[in-house]
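Hi everyone, thanks for making time for this.

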Amino acid sequence: DASAAAIVIKNLNGHHVRQLTHPTAGVTDIDAQISPNGARVLYERDLPDGSSHIGLVHSDGSHDHLLQLGCTGQCLGDLTPSFTPDGRHLIWSRVIGPVDDNGNAASVVLWRAKLNGTHRHRFSQAGIDGTFEDYRARFAPAGYLIFERLRDSDMHQAVFRMTASHTHARRLTP
């Protein structure tokens with residue numbers, strides 16, 4: 001009935017499908033990202049109140065839980081999670097309000113933390129808040145980060161590349 005969306009996993013031949021998350025009505029689980037060793041899956045959980053959280057579940061469906069990433073106060077949600085190449089950390093987009101009349105948040109930047117939610121720190125460059133928004137970060141096999149950057153003034157977006165030490169962001173697409 002499309003009242004909820006869950007994360008499912010299947011084997012390569014497509015014959016065995018297993019549901020990993022079990023959201024309640026009105027809750028959607030999206031943007032699943034499997035860990036480098038295949039043991040865990042990160043995902044975004046969107047709630048009916050408009051907030052978003054990051055979940056982690058083992059690939060066998062056990063130990064499903066939301067990570068405690070410190071989204072409080074003006075934080076509107078945590079989005080689009082991804083694993084770092086070592087599989088021990090995650091990177092995600094944090095949305096900070098308020099949202100203006102054009103639908104732009106005060107800040108949407110990348111953050112990084114251990115999988116237990118500790119050692120959180122900002123990963124996006126300083127000075128982009130309110131001007132650019134960073135989303136959908138993924139690490140390339142060579143170790144650098146690929147992400148989407150949206151310009152708030154005209155809603156144009158491009159793909160960027162940044163070093164794993166979160167310096168030297170460079171635009172890759174027009």
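Let's start with F83, whose bridge partner in β8 is L90. Before I go on, a word on where this comes from: this is a predicted model, where local features need pLDDT of at least 70 and side-chain atom pairs count only at pLDDT 80 or more, while totals for chains, interfaces and linings use all residues. Residues are numbered from 1 along each chain as its sequence is written, and side-chain values use heavy atoms, with hydrogens and water left out.

Back to that bridge. Strand β7, residues 75-83, pairs with β8 in the antiparallel sense, over six bridges. By pairing I mean that DSSP finds at least two bridges between the two strands. The strands themselves are DSSP runs of E, at least two residues long, and helices would be runs of H or I of at least four, numbered from the N terminus. Five residues lie between β7 and β8 in their hairpin, and G87 in the turn has a positive phi of about 75°.

On we go to the next partner. β8 also pairs with strand β9, residues 105-114, again antiparallel, over nine bridges. One of the links here joins H89 to K114, its bridge partner in β9. These two strands form a hairpin as well, with five residues between them, and G103 in the turn has a positive phi of about 85°.

So how enclosed is β8? Eight of the 11 residues in this strand, residues 89-99, are buried, so β8 is largely enclosed by the rest of the structure. Buried means under 20% relative accessible area, exposed means over 50%, and partly exposed is in between, with a 1.4 Å probe and protein chains only.

Now, cysteines. How many disulfides does a search of the whole structure find? The search finds one, and a disulfide here is a pair of cysteine sulfur atoms within 2.5 Å. C71 and C75 form it, with their sulfur atoms 1.9 Å apart. The torsion about their S-S bond is about -95°, so this disulfide is left-handed. C71 is partly exposed at 24% relative accessibility, whereas C75, at 12%, is buried.

Next, please find S51, in the loop between β4 (40-46) and β5 (52-58). Is S51 buried or exposed? S51 is buried, because its relative accessible area is 16%. Its side chain makes polar contacts with the side chains of D49, at 2.6 Å, and H53, at 3.4 Å. A polar contact is a pair of N or O atoms within 3.5 Å; within protein, one must be able to donate a hydrogen and the other to accept it, and residues adjacent in sequence count only if both atoms are side-chain atoms. Leaving aside neighbours within four places in sequence, S51 is in contact, meaning heavy atoms within 4.5 Å, with R45, D46 and L76.

Finally, let's zoom out. The protein has zero helices and 14 strands. Its radius of gyration is 16 Å, close to the 16 Å that the globule rule gives for 174 residues, so the protein is as compact as a globular protein of that length. That radius is taken over C-alpha atoms, and the rule is 2.2 Å times the number of residues to the power 0.38. Of the 174 residues, 37% count as buried.
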